[in-house]
Amino acid sequence: MRDGGPTWMHMMDRSTPNMSYQAWRRDPKTGPPQYRSRTVFENATARIVRDFFWDDEFRPKWDDMLAYSATIEECSTTGTMVVQWIRKFPFFCSDREYIIGRRIWEVDGSYYCVTKGVTCASVPRRNKPRRVDLYYSSWYIRAVESRRGNGQLTACEVLLFYHEDMGIPWEIAKLGVRQGMWGTVKKIEPGLCAYQKERESLASLSQSAYMAQVNTKISMEYLISLESNEDLSRSDVDSTSENPLSQNISRALIYGGLIVLACSLDQGALSKTFIFGMGRKLTDRGNRPS
């Protein structure tokens with residue numbers, strides 16, 4: 001919202017008894033349309049919403065556009081995953097394939113979930129379904145006060161930033177999104193309720209939900225210190241999990257991930273000067289699952 005880009009145009013403001021949804025779109029001078037949204041779920045924790053969106057095994061129960069998913073790579077230390085998706089579209093586009101890299105950062109009990117299209121030599125490109133190379137979808141998930149005004153942090157807010165190039169004219173893509181947006185979004189809330197019930201039944205975690213709990217923990221103070229180039233100890237950045245896992249993580253992975261995070265979900269903590277300065281320093285460093 002503060003990156004100096006084009007003006008955001010309001011698209012939608014809808015709600016159900018347990019969910020509110022707002023959406024905006026903007027059209028960059030180059031590249032596909034970009035979307036952002038704000039969703040608030042009542043009676044849901046940030047952790048369960050994080051797991052819900054990451055759980056590919058459960059997703060087909062509420063997302064009928066996901067025709068196929070498979071995990072290609074995963075890192076049990078950082079929680080980084082590379083997954084393959086095949087999505088089907090209702091009327092304006094044929095099936096599309098996605099190779100998605102994804103990872104979660106935790107900051108003071110809130111979660112930054114970053115997913116983007118990546119290259120993968122082990123999955124050859126095919127004529128059909130067509131692969132989407134330019135894909136980006138990121139969430140910021142946190143506990144917020146319920147709209148019922150009880151003063152309790154019993155609701156969960158999800159801020160989304162998203163864009164992709166499906167290989168069709170952008171005006172057609174915008175029409176498809178506009179026509180199908182609420183029909184897709186309104187399925188999320190009953191899906192989340194079903195997921196909560198399944199988790200309350202003590203059902204075993206799927207592998208993707210398990211991986212959602214492996215996060216890189218970063219303090220807000222650490223982020224602020226990076227902008228001022230202070231050198232804090234490695235104890236300020238840690239891979240954490242609700243299950244015991246190795247805590248070793250390289251500084252290259254941390255810094256590389258922070259740049260992706262800062263560019264994706266600008267919350268005003270990091271300046272563009274710092275982001276691009278660190279980017280130049282890390283040119284020679286890879287960030288891939290081990």
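The conversation below concerns a predicted model.

Q: What should I know about the origin of the model before we start?
A: The model is predicted.

Q: Is helix α1 largely enclosed or exposed?
A: Helix α1, residues 46-54, is largely enclosed by the rest of the structure, because eight of its nine residues are buried.

Q: Which residues of α1 are they?
A: The buried residues in α1 are A46, I48, V49, R50, D51, F52, F53 and W54.

Q: D51 carries a charged side chain, by class. What is its relative accessible area?
A: The value for D51 is 2%. Buried means under 20%, so D51 falls in that class.

Q: And which residues does D51 touch, leaving out those up to four places away in sequence?
A: D51 touches Y195, R199, A209, A212 and Q213.

Q: Moving to α2, how far does it reach from its first C-alpha to its last?
A: Helix α2 spans residues 170-185, 16 residues in all, and reaches 21 Å. That is close to the 22 Å expected at 1.5 Å a residue.

Q: Where is the kink in α2 centred?
A: The kink is centred on Q179 and amounts to about 40°.

Q: Changing topic: what is the volume of the largest pocket?
A: The largest pocket has a volume of about 940 Å³. It is lined by 37 residues, of which M65, R87, Y162, T184 and V185 are the closest to its centre.

Q: Which element supplies the largest share of that lining?
A: Helix α2 does, with seven residues. The elements that each supply at least two residues are β2, β3, β5 (81-87), β9 (135-144), β10 (155-164) and α2.

Q: How does the pocket lining divide by class?
A: The lining of the largest pocket has 22 nonpolar, seven polar and eight charged residues.

Q: How many cavities of 30 Å³ or more are there?
A: A search of the whole structure finds three. The largest cavity holds about 90 Å³ of space.

Q: Which elements give two or more residues to the lining of that largest cavity?
A: They are β10 and α2. Among the lining residues are Y162, H163 and E164, as well as W170, A173 and V177. By class, the lining divides into eight nonpolar, one polar and two charged residues.

Q: Now the backbone. Which peptide bond is cis?
A: The bond from K128 to P129 is cis, with omega near -10°. P129 is found in the loop between β7 (110-117) and β8 (130-132). Most peptide bonds are trans.

Q: What is phi of N43, and where is N43 found?
A: Phi of N43 is near 55°, a positive value in a residue other than glycine. N43 is found in the loop between β3 and α1, and it counts as partly exposed at 47% relative accessibility.

Q: What about D108: buried or exposed?
A: D108 is exposed, with a relative accessible area of 56%. D108 lies in the loop between β6 (96-107) and β7, and its phi is near 55°, again a positive value in a residue other than glycine.

Key. Residues are numbered from 1 along each chain as its sequence is written. This is a predicted model: local features need pLDDT of at least 70, side-chain atom pairs count only at pLDDT 80 or more; totals for chains, interfaces and linings use all residues. Side-chain values use heavy atoms; hydrogens and water are left out. Buried means under 20% relative accessible area, exposed over 50%, partly exposed in between (1.4 Å probe, protein chains only). Helices (H or I, at least four residues) and strands (E, at least two) are DSSP runs, numbered from the N terminus. The expected span of a helix is 1.5 Å times one less than its number of residues. The bend at a residue is the angle between axes fitted to the seven residues ending there and the seven starting there. Contact means heavy atoms within 4.5 Å. On a 1 Å grid over the protein atoms alone, a cavity is a set of points where a 1.4 Å probe fits but cannot get out, and a pocket is an open set with protein on both sides within 12 Å along at least five of seven lines; lining residues have an atom within 4 Å of a point. Grid points are joined across faces, edges and corners, and a volume is the space filled by probe spheres set on the points.
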